[in-house]
Amino acid sequence: MKIHFKIFLIAGLIINFISCKAQQQYPLNTDYEDIPNNSYLKDLNHELDPYVGKYKANYQGNEIIIFITKVDNKLEKSTHKSYFTDALVVKYIIKNSSGTILQDTQSMVLNNDSYFNIVSIGTRPTLGDIIFIYDGTNCGIGWGKIILKKINSNQISWEYKPNSLVIDAATCPPSTDKTVYLPETKGLVFTKQ
């Protein structure tokens, strides 16, 4: 009985030692190339929190509703290392003037291998905004950068800069919806709901 207890105790201590090893934390905007593998870029100053919520805007007859959530300790992988970060994730619903849903990512299960992801990659405190990377719609069409800037406690400004809107039949099936529904504009105001 004593031998089993000692083995159990030693195994417990080893597991406790391994799990208590602290994950190295760095401020959110630290360059990921300057941190050790498996580090954590943490939102220590709560820069992301004011953006969380549901927002609505109208653009060229379409109603755009965005849902911004904060994800803590999100795993990110680059070609050189893996690290964790606090990030904002945006999902959306776009409806035309008659209320028909043109695109809805709210119920999609998005991951690093899918399109439609809109994930923050950092803040620019001197400019008061947050930069997001958008993976694009079907086949990656429209991938690019989105910048959100807090105007006041109830409004944010939207800017979307697509890098690619062109694709050919060899890389995307002809029957695929190639429309980018997100508003390609600067200064569009979204109001918190």
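1. A quick convention before the details: a residue is buried under 20% relative accessible area, exposed over 50% and partly exposed in between, with a 1.4 Å probe and protein chains only. By that rule Tyr134 is buried, since its relative accessible area is 1%, and Tyr160 is buried at 4%.

2. Please keep in mind that this is a predicted model, where local features need pLDDT of at least 70, side-chain atom pairs count only at pLDDT 80 or more, and totals for chains, interfaces and linings use all residues. Numbering runs from 1 along each chain as its sequence is written, and side-chain values use heavy atoms, leaving out hydrogens and water.

3. On to the rings: Phe, Tyr and Trp (its six-membered ring) pair if their centres lie within 6.5 Å, with planes under 30 degrees apart stacked, over 60 edge-to-face and the rest tilted. The count comes to 3 aromatic pairs. Tyr134 and Tyr160 are edge-to-face because their planes meet at 75°, with centres 5.8 Å apart. Tyr134 belongs to strand S8 (residues 129-134) and Tyr160 to strand S10 (residues 155-162), 26 residues apart; strands here are DSSP runs (E, at least two residues), numbered from the N terminus.

4. Trp158 and Phe190 make a tilted pair, 5.5 Å centre to centre with 50° between the planes. Trp158 is in strand S10 and Phe190 in strand S11 (residues 186-192), so this pair ties together parts 32 residues apart in sequence. Both Trp158 and Phe190 are buried.

5. One for your charge list: the charged end of Lys150 sits over the ring of Tyr51, 5.8 Å from its centre. The criterion is NZ of Lys or CZ of Arg within 6 Å of the ring centre and within 35 degrees of the ring normal.

Definitions and conventions. Helix = DSSP H or I, 4+ residues; strand = E, 2+ residues; numbered from the N terminus.
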